[in-house]
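Q: I've got a fold open on my screen and I'd like to learn to read it feature by feature. Can you walk me through it?

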Amino acid sequence: MVQALQDFVPVLVDGDVEKGVCGRFQVGGYPDTRFLDASGKQLGAVGGYVEAAAFLKEVQAARAKLGKEIKPTPAYAKLLKSRQAMDKALQKQDYAAALDAVQAIEKAKHEGPEARAAAKAREGIAAAAKEALEKAEALAAEGKPKEALETFQKAAKAFKELPEGKAAAKRAA
């Protein structure tokens, strides 16, 4: 992100004091980020708090108007790719792939919205794993060994990295 902003100079404006500046750019709330060229022409704006990826898109759009292309660092690009993979896997309820993506995000040791989303996803996946294991155990208790075995096998495959997945693998063996 820092690299993406290297062609811009931050100027902090106190909205209570610099009312003329806020009026000129129609600032309606805070935080408010404006991208200007050297002549003061507005190239882009971000109002309010936004995710890092959305902010980066706005920086890229403003920088493109300056005639310079922004490319995220390889590490950040990898982080964004992992986030997209995680979101896609969660949509499909592909928990094994989602866990792989969560682990890639965690490995990046990047604080921010991607890390928070990964933590939330891990919690949701753990809840789904617990639910799957309970379902398989209930089927076994109901005297439905075939269905229970299939459910244990699916849980073992989907949640292999979690304690519930390992427990399901033991029950399926």
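This is a predicted model: local features need pLDDT of at least 70, side-chain atom pairs count only at pLDDT 80 or more; totals for chains, interfaces and linings use all residues.

Q: Which residues of α2 are buried?

A: Here's the general idea: an α-helix has 3.6 residues a turn, so residues three or four places apart point the same way. In α2, the buried residues are A52, F55, L56, V59, A62 and R63. They cover an arc of only 125 degrees around the axis, which puts them on the same side of α2. Look at the other side of α2 and you'll find K57 and K65 exposed.

Q: On to the strands. How do β1 and β2 run, and how many bridges join them?

A: Strand β1 is residues 32-36 and strand β2 is residues 42-47; they run antiparallel and 5 bridges join them. Then find R34, whose opposite number in β2 is A45.

Q: And where do the side chains go along a strand?

A: As a general rule, side chains in a regular strand alternate between the two faces of the sheet.

Q: What does G40 do in the hairpin of β1 and β2?

A: The hairpin has 5 residues between its strands, and G40 takes a positive phi near 95 degrees.

Q: While we're on the backbone, what kind of peptide bond joins Y30 and P31?

A: That one is cis, with omega at about -5 degrees. You'll find P31 in the loop between α1 and β1.

Q: Now the charged side chains. How many salt bridges does a search of the whole structure find?

A: The general idea is that side chains of opposite charge can pair when their charged atoms come close. The search of this structure finds 5 salt bridges. One of them joins R122 and E106, whose closest N and O atoms are 2.9 Å apart. R122 is in helix α5 and E106 in helix α4, so this pair ties together parts that are 16 residues apart in sequence. R122 counts as partly exposed at 25% relative accessibility, and so does E106 at 37%.

Q: Which side chain does E137 meet in a salt bridge?

A: E137 meets R171, at 3.9 Å from N to O. This pair links distant parts of the chain, since E137 is in helix α5 and R171 in helix α7 (residues 163-172), 34 residues apart. E137 is partly exposed at 35% relative accessibility, and R171 is partly exposed with a relative accessible area of 43%.

Q: What about K144: which residue does it pair with?

A: K144 forms a salt bridge with E142, and their closest N and O atoms are 3.4 Å apart. K144 is partly exposed, with 36% relative accessible area.

Q: Last one: which residues form a nonpolar patch on the surface?

A: That would be V11, V13 and V21, with about 240 Å² of accessible area together. V13 lies in the segment before α1 (19-24). Is V13 buried, partly exposed or exposed? Partly exposed, because its relative accessibility is 38% and that class runs between the cut-offs of 20% and 50%.

Terms used: Residues are numbered from 1 along each chain as its sequence is written. Side-chain values use heavy atoms; hydrogens and water are left out. Patches are made of residues with over 30% relative accessible area and no salt bridge: like charges are joined within 9 Å, nonpolar side chains (Val, Leu, Ile, Met, Phe, Trp, Tyr) within 5 Å. Accessible areas come from the Shrake-Rupley method with a 1.4 Å probe; for residues, only the protein chains shown count as cover. A salt bridge is a side-chain nitrogen of Lys or Arg within 4 Å of a carboxyl oxygen of Asp or Glu. Helices (H or I, at least four residues) and strands (E, at least two) are DSSP runs, numbered from the N terminus. Buried means under 20% relative accessible area, exposed over 50%, partly exposed in between (1.4 Å probe, protein chains only). Two strands pair if DSSP finds at least two bridges between them. The arc is that of the directions from the helix axis to the C-beta atoms.
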